[in-house]
Amino acid sequence: MKLSVCTTLISLSLMVGCQSTSLPTTDNANSSSQNTPVVSSDSTNQVSVCPSLGIQPVTVTVSELWSEGAVVTDAYSGNIAQVKNGQITLTPSRHSGGLLLLESIQVESKKEKIDFQWQSATFYHIATDRFYNGNSWNDHSYGRQTSSQGFKGGDIAGLTQKLDYLAELGVDVLWISTPLEQVHGWLPGKNGNTPEYPYAGGATLDWTQLDTNMGSEQEMRIFIDSAHQLGMRVVWSIDTTPSQPSLADLQQFSIQPKDSSELPSYWNDWHPKEGQNLTHYLDAFKGEDGQVPQWWSSDWFNPNYEGVVSTPTFFTNKPTTAVSQVSQDKHALLTQWVTEWVTKFGIDGIVLAQSTPKLTKQFEEQGSKAFEAWKKDNQYKALEGSSFIVVDLENNNHFIPQTQSIESQCEAQLSAQTTTENKVAMNALTWFDKDKQQALTADNYAQYRDAASVLLLSHDSVSIWYGDESAKPGDLYSMMNWEDATGLNWSLRSHWKKLLSFRSNHTAISQGNYQVVKQEPYYAVIRKNESDKVMIVYTGE
């Protein structure tokens, strides 16, 4: 079967950016026959364009889900209707883009409690330094300098101050950039000409310490405990390989160069000579083997190395660390350092970069043990039914990202993934492929709104990049646009909240079977599982 773009999307959740063209079916090979989308096609196996009824009353056949006399509500507008002759009549909210989010009204006391599942979670991915500045005193920790590609002040205290916003938005999991101590100075950017500070991670110096730019252990404990009290889980991004040193680290930890004559008094102020760029900054320090003495050895930089390693000797000159001078299995050291944070704070999971299946499994085993021990000692802090998760970004055994550009108006497929035991599939809708995201205007508002609809009504777990809900302008790591809290930005955030609330109330959206219904003048998709059922109707706009 070949489907139009519109039908392809609604077979997942919704239709936007419609046109008549041919695409492969998105039917899941493992789905049962009763879940096969129902569409009308012509002799060329194409279907007509999306409906264009617009924002006016629409009569929808709901007899497959609700019995005669049942009361059905549109979760978006709050309007209700009673089933008569197997049908209801409702008008979509003018803010919805032509959506009706149909659910049955249940007496609150009889409503089944929805248990949290990682497979259905809504992750909110935060670059902490770019989110909100809660403490200005730590903005230039370790002597870090102001830079266009440097730290901007966001910290753990700022996250805590914005927890009410995040809870009201309706997300389940706060996925924060690594809070672990990064190298203290700049590193060469990709082009070798721009000094960059590791504000988003990727340059771990010490797995046993929090980065002072991020905040203190007390601030982290308050943040995680407060998030748990509001029903949100916290996961950290974790690097599994260290970073090359910055010049500031080499000077602070007394690692001497072979020739110091070409270094300024403050090494971090070094500039390349003619014919060089910033990648030459370590030339005066590297030995014949290309390594910097006293620093992390080459085995630490090799993700596939699983043998015994020694901890670097520069830690003997580092005043704050829990790293001791030992030779031990590399995986054992990494899991020991990271799981100490689980024991200390009760973090709910980690997201690994540059891991291996064996290392990921070790993190899962040791992390789960540490988490269960923390829960036993902190029963009043632990969320009910909570468990520890490890996400391996390198091996795709958990998240399957689907990136989407706003220019495509959501016409590409968001493939429905089959979730297997202990695995999580994720759909992500972000503007990763644009250096500069276009500002929100009346002309492109519908694109932003409908992009959110495609994401938040899709199957499996979803990931939101901070600021997606408010059309954060600029590049991927621009500052969160807290000042844009009125007008179109406010309307867009309200749209996200309504969809997230509907999603959190219905497991059928993320974990249910689906059936597409095409019936003039609307398209609809039925989502249902053993305990839940909804109907999403699209009337066009």
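Let's start with a pair of charged side chains: lysine 273 and glutamate 262 meet in a salt bridge, 3.4 Å from N to O. By salt bridge I mean a side-chain nitrogen of Lys or Arg within 4 Å of a carboxyl oxygen of Asp or Glu. Both residues sit in the loop between helix H5 (247-252) and helix H6 (298-301), so the pair ties together parts that are eleven residues apart in sequence. Lysine 273 is partly exposed, at 46% relative accessible area. On that scale, buried is under 20%, exposed is over 50%, and partly exposed is in between, with a 1.4 Å probe and protein chains only.

A word on what you're looking at: this is a predicted model, where local features need pLDDT of at least 70 and side-chain atom pairs count only at pLDDT 80 or more, while totals for chains, interfaces and linings use all residues. Residues are numbered from 1 along each chain as its sequence is written, and side-chain values use heavy atoms, with hydrogens and water left out.

Back to the charges. The structure holds twelve salt bridges. One of them joins lysine 497 to glutamate 168, with the closest N and O atoms 3.1 Å apart. Lysine 497 is in helix H10 and glutamate 168 in helix H3 (residues 163-169), so this pair ties together parts 329 residues apart in sequence. Which of the two is exposed? Glutamate 168 is, at 54%, whereas lysine 497 counts as partly exposed at 25%. Helices here, by the way, are DSSP runs of H or I with at least four residues, strands are E runs of at least two, and both are numbered from the N terminus.

Helix H10 (residues 487-505) also holds serine 491. That serine counts as buried, at 16% relative accessibility. Beyond its neighbours within four places in sequence, serine 491 is in contact with His95 and Tyr445, contact meaning heavy atoms within 4.5 Å.

Now for the inside. Buried residues make up 53% of the 541 residues. The largest nonpolar core has 97 residues, and Tyr124, Leu166, Phe223 and Trp236 have the most contacts inside it. Such a core is a set of buried Ala, Val, Leu, Ile, Met, Phe, Trp, Tyr and Cys residues joined through side-chain atoms within 4.5 Å. Helix H7 (residues 330-345) gives the most to this core, with seven residues. There is also a second, separate core of 19 residues, Val72 and Tyr522 among them.

And the overall count? The protein has eleven helices and 23 strands. Thanks, everyone!
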